[in-house]
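Hi,

Here is the structure I said I would pass on. Have a look at it, and then read my notes below.

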Amino acid sequence: MKGCEYFMTDEEFYRIYTFLKSRYGIDMGRKKEIVVGRMEHYIKMKGYPSYTAYMNVLEKDITGNLEKELVNLLTTNHTFFMREHEHFDYLKQIVLPWLRQKEAKNKDLCIWCGAASTGEEPYTLAMIMKEFFGLEHHLWNTEILATDISTEVLRQAIRGKYTREQIDKIPQAWKNRYFREDINHEFEVSEEIKKEVIFRQFNLMDPFPFKRKMHIVFLRNVMIYFDSATKRQLIQKVYDVMEPGGYLFIGRTEVIDRKQIPFQFVKPSIFRK
Ligand SMILES: C[S@@+](CC[C@H](N)C(=O)[O-])C[C@H]1O[C@@H](n2cnc3c(N)ncnc32)[C@H](O)[C@@H]1O
C-alpha cells in the first residue's frame with residue numbers, strides 16, 4: 001500500500017530490524033509483513049507521523065519505555081502448558097532420578113527457564129518438581145528461575161491466570177491440585193506453585209550474571225529467531241553456566257549444528273554438559 005500514511009520504507013524496516021537484531025538477537029530480516037502488521041496500529045494510535053519519527057524518539061528515550069513496548073510488540077510469545085511433553089517425561093524418568101541421587105546431600109537444584117513467555121513452561125516445570133519429589137518436596141530447593149525479555153509476557157506470567165482452554169492439556173488431578181477457578185472463570189495457579197517460580201526480565205544477549213551453576217536449562221523455541229552465530233554464542237554461554245552433567249532442552253523443531261557446540265548430544269533437542 002505505497003502512498004499510505006503508514007507505509008514502512010525499506011530503510012525504515014532496516015532500521016527497526018537492525019535495532020532488534022543487535023540488541024536482542026531477534027532476526028526479523030524476512031518478516032517485514034509481520035513487523036508492519038504488529039506496529040502499524042501502535043504507531044497510528046500513539047500519533048507518530050511515520051516510522052522514522054517513531055524511531056527517532058525511541059532512540060533518544062532514556063527511560064527505555066518505548067524500547068520495552070517495541071519488544072513487547074515484536075516478540076512472538078506462543079507457548080502452552082505441557083508443550084513438547086516428551087521433555088517432561090525425560091525429566092521425570094532420567095534427569096530427576098539422577099539429580100535426586102547426585103544432590104542428595106545439598107538438596108538444592110538450579111533450574112532455569114530462559115524464554116519463559118507467559119509462564120506455562122516454568123509452571124509446568126514446577127508441577128513436575130512437586131509431583132516428582134512428592135512428600136520430600138519440602139526438603140528440596142527446586143525453585144525455577146524464569147526469564148524473558150518481554151515485560152508484557154512476564155506481567156501475565158506473574159498474574160498466573162489462564163482460561164479453561166489454556167489449561168486443557170494439564171492432567172485433571174493437577175488441575176484440581178494446582179489451580180483455583182475464580183469468579184471470572186479464569187484458572188489461577190496456586191500459591192504453592194507460584195512461589196516455586198521467580199520471574200525476571202533478562203535479555204539472553206547480555207552477559208549471564210548467575211552465581212551458581214545450572215542443573216537444568218530450558219531454552220525452548222527462542223533460538224528460532226536467532227541467526228547461527230548468535231545461537232552458537234548463546235549456547236556457549238549456557239554451557240559455561242551449567243554443572244557438569246547438566247541438561248539443556250531446546251525446542252524440538254530447532255536446528256543447531258551439533259558439531260559446533262560443546263554439549264554432548266543425548267537425543268534430538270536434549271543435550272548434556
Ligand atoms: C515462542 S516463545 C517460547 C516460550 C516457551 N519457551 C515455549 O517453548 O513454549 C519465545 C520467547 O522468547 C522470548 N525472547 C525472544 N528474544 C529474547 C531474548 N533476546 N532474551 C530473552 N527472551 C527472548 C520472547 O519474548 C518469547 O516470550
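Which residues in helix 5 meet which residues in helix 6? F88, L91, K92 and L96 in helix 5 meet T124, I128 and F132 in helix 6. Here "meet" means being in contact, with C-beta atoms, placed from the backbone, within 7 Å of each other. Helices are DSSP runs (H or I, at least four residues) numbered from the N terminus.

Before you go on, this is a predicted model: local features need pLDDT of at least 70, side-chain atom pairs count only at pLDDT 80 or more, and totals for chains, interfaces and linings use all residues. Residues are numbered from 1 along each chain as its sequence is written.

The contact of helix 5 with helix 6 divides into five nonpolar residues, one polar and one charged. For the classes, Ala, Val, Leu, Ile, Met, Phe, Trp, Tyr, Cys and Pro count as nonpolar, Asp, Glu, Lys and Arg as charged, and the others, Gly among them, as polar. The axes of helix 5 (residues 85–102) and helix 6 (residues 120–133) cross at roughly 40° and come within 11 Å. Axes are lines fitted to C-alpha atoms, for helices over the stretch in contact, and angles run from 0 to 180 degrees between N-to-C directions. Helix 5 and helix 6 are therefore oblique to each other (under 35 degrees counts as roughly parallel, over 145 as roughly antiparallel, 65 to 115 as roughly perpendicular, and the rest as oblique).

Now the other pair. Helix 1 (residues 10–24) and helix 3 (residues 51–60) have axes that come within 10 Å and cross at roughly 30°. That makes helix 1 roughly parallel to helix 3. In this pair, E12, R15 and I16 in helix 1 meet Y51, T52 and M55 in helix 3. Their contact has three nonpolar, one polar and two charged residues.

What about domains? The domain assignment of the protein chain gives domain 1 (10–74) and domain 2 (85–272), with bounds from an automatic or database assignment. Their centres, taken over C-alpha atoms, are 29 Å apart. Eight residues of domain 1 are in contact with eleven residues of domain 2. On the domain 1 side, helix 4 (65–74) and helix 1 each supply at least two of the touching residues, and helix 4 gives the largest share, three residues.

Last, the ligand. Both domains give residues to the shell around the ligand, so it lies between them. Of the 24 residues around the ligand, T75, T79, A115, S117 and N221 come nearest (a residue is near if its C-beta atom, placed from the backbone, lies within 6 Å). The shell has nine nonpolar, eleven polar and four charged residues.

Cheers

How values were computed:
Two residues are in contact if their C-beta atoms, placed from the backbone, lie within 7 Å.
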